[in-house]
Amino acid sequence: MKITPEMVDYISELSRLRLSDSEREKMTGELEQILAYMDVLNGIDTDGVEPVSHIFPIKNVLRDDVVEASFDRAELLRNASWADTETFLVPKAVD
Amino acid sequence: MKELLDLTALQLGAAIKKGEVSIEEATRAALEAVEANQKLNSFITRTGEQALEQAKALQVNAKTAASPLYGVPMAIKDNICTKGVKTTCASKILGDFAPPYDATVTERLATAGAVSLGKLNMDEFAMGSTTETSFYGPTRNPWDTERVPGGSSGGAAAAVASRSCWYAIGSDTGGSIRQPASYCGVTGVKGTYGAVSRYGLIAYASSLDQIGPLARDAADCAAVLDTICGQDPRDGTSLAFQGSLLDGLTGDVRGLKLGIPADCFGDGLDAEVRRAVLSVAGALKARGAELVEFSFPVMRYVVPTYYILAAAEASSNLSRFDGVKYGWRAEDFEDLTDLYCKTRTQGFGAEVRRRILLGTFVLSSGYYDAYYKKALQVKGLVKEAFDEAFCKCDLMLTPVAPTTAPRLGESLSDPLQMYLSDIYTVSVNLAGLPGLSMPCGFDAAGMPVGAQLIGPALAEPRVLNAAYAFQLDTSWHKRSPAGKEAHG
């Protein structure tokens, strides 16, 4: 699998990361090396094998729909670097 | 005071119950040890004052307490939420985050009367095998401070090994309890997936993460697991796992079929490590276990499968860190996207950025089937391979890592090489099985070697009992770095 700097740019954008030119170059090489190693999986026949996301058969875990106490708003907002008394604050996102 | 620190957690718990030692005395001894071992950098946050207050408050019920670990000081890996106590995941991006809630594990430990000394260093977001990717600087191995303690629960392993606390709570996504336990000469257990609630564990790869103990021996690990295991309505993947592990330790392994997968003892394994690990087979055989050898070719595929799945889940889990609701936030941003990008780029370290990018790639359109879906299919084959193996044997014996602890700086220069060193541990997470690491010898440089015991799902009693049997006959687990010279 050939990894190009443009592919690294694309996944960086999806990941909301901005790499410096030197890191972009380094990451291109490293990802190519890591993915080349992962190609070993192509040597194993998985035709007809079901993908397994949960290792144990877990059924839906439900609880009764009972109102429970939630967290205190002020306590939750305390960890934000920008908030007023009611909500988290962010730069304007829609004009 | 040294003698007090040399007790196991259960011995200390018993001494506290009998009134031979006060909880405050034990806590002060631990805090002094933490101070004396500061150069190891095992702690990110120390909560000494709170610990002493807790110790005094707990003393009232010391004689009537139910838990065998009541009053025993311990410490918690810094990716497990502790209400009001800074929890960083060893990352810049979490800043001074003080969780508004306790993890279920933290709650259960508090209910059992544990005294917390603070929060332990780790690889950033548990991504790494050396504890060198921590924003708070690397932890050092107490057996040789020029070497790494392993990772990602390196602070936990170093703290237990250096006798700075009686046990520690770590987490294991691909070996992060077992490998540092091996490098530092302590015993560590990752339970069956779901045995311990993950509520309040900051997620790395949710389908693989498990919380577990690192301690001086198998009996201590059993007691800690008894305390923290069991179903939790706040973690839908938690199992109705009863525990009672401590009571099940008999040391009787007669008739136990111990599997030796040949593919785990082949090329790439250090000769001294091989010899030490195989000595476990000899010791258990002498107690009446039967040895079964077989091939286990699926080993070839476990590292790529693990890294695809773990990176994919990490890229999704870590998207929540954006500088808005908690943690550190970059300055001088132009708009919302710029805020996200600057915070994440400057807030995450290089290894975390690498895994996020790798995970994003394997999940991206056009590559999803070739990598992510393929890895999920191979995960199914890994599970089948273990199912077949456990038709032939009751437990498997393998190394924990191919070598003893490497020197600081040796691993990070080559990420792929570092990933490959996880070969013996990651398969256990992929299959959701219980795995234990215990000291089984030392190499010529005096560094500890660990052996891994793997059991079928929910066979924790069997895994712990075999380790307990081995530790009845050997004293590797009793050695401490302070006595290294004396042992030669």
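Helices, meaning H or I runs of at least four residues, and strands, meaning E runs of at least two, are taken from DSSP and numbered from the N terminus. The structure described here is a predicted model.

## Interface between the chains

The contact between the two chains involves 51 residues of chain B and 38 residues of chain A. Five helices of chain B each contribute at least two residues to the side that touches chain A: H10 (299–317), H11 (336–347), H12 (350–363), H13 (368–392) and H14 (415–420). H13(B) gives the most, with 11 residues. By residue class, this side of chain B comprises 27 nonpolar, 13 polar and 11 charged residues.

H11(B), one of these contributing helices, has 12 residues, which at 1.5 Å a residue should span 16 Å; the C-alpha atoms at its ends are 16 Å apart, in agreement with that expectation. The buried residues of H11(B) are Leu339(B), Tyr340(B), Cys341(B), Lys342(B), Thr343(B), Arg344(B) and Gly347(B).

In soluble globular proteins, nonpolar side chains tend to be buried together. In this model the largest nonpolar core holds 180 residues, and Val160(B) and Ala168(B) touch the most other members. H10(B) supplies the largest share of this core, 12 residues.

When neighbours within four places in sequence are left aside, the contacts of Val160(B) are Cys165(B), Tyr167(B), Ala168(B), Val186(B), Leu214(B), Ala215(B) and Arg216(B).

## Parallel strands around S2

Strand S2 of chain B covers residues 73–77; 5 of its 5 residues are buried, so the strand is largely enclosed by the rest of the structure. S2(B) runs parallel to strand S3 (residues 115–120) of chain B, with 4 bridges joining the two. Within this pairing, Lys77(B) has Leu120(B) as its bridge partner. Between S2(B) and S3(B) the chain passes through helix H5 (residues 104–111), forming a right-handed β-α-β crossover.

S2(B) is also joined by 3 bridges to strand S4 (residues 167–172) of chain B, again in parallel.

## The S7 and S8 pair

Strands S7 (residues 257–261) and S8 (residues 290–294) of chain B run parallel and are joined by 5 bridges. Lys257(B) stands opposite Glu290(B) of S8(B). The chain reaches S8(B) from S7(B) by way of helix H9 (residues 271–286), and this β-α-β crossover is right-handed.

## Backbone features in loops

A cis peptide bond, with omega near 10°, links Gly151(B) to Ser152(B). Ser152(B) belongs to the loop between S3 and helix H6 (154–161) of chain B.

Two residues have a positive phi although neither is a glycine: Cys89(B), at about 55°, and Ser244(B), at about 55°. Cys89(B) lies in the loop between S2 and H5 of chain B, whereas Ser244(B) is found in the loop between helix H8 (218–228) and S7 of chain B. Their surroundings may be set side by side. Cys89(B) is buried, with 28 other C-beta atoms within 10 Å. Ser244(B), with 12 C-beta neighbours inside 10 Å, counts as exposed.

Conventions
Residues are numbered from 1 along each chain as its sequence is written. Chains are lettered from A and ligands numbered from 1 in the order in which they are written. This is a predicted model: local features need pLDDT of at least 70, side-chain atom pairs count only at pLDDT 80 or more; totals for chains, interfaces and linings use all residues. Two residues are in contact if their C-beta atoms, placed from the backbone, lie within 7 Å. Ala, Val, Leu, Ile, Met, Phe, Trp, Tyr, Cys and Pro count as nonpolar, Asp, Glu, Lys and Arg as charged, and the others, Gly among them, as polar. A nonpolar core is a set of buried Ala, Val, Leu, Ile, Met, Phe, Trp, Tyr and Cys residues joined through C-beta atoms within 7 Å. A residue is buried if 20 or more other C-beta atoms lie within 10 Å of its own, exposed if 12 or fewer, and partly exposed in between; C-beta atoms are placed from the backbone. The expected span of a helix is 1.5 Å times one less than its number of residues. Two strands pair if DSSP finds at least two bridges between them. A crossover is right-handed if, with the strands pointing away from the viewer, the path from the first strand over the helix to the second runs clockwise.
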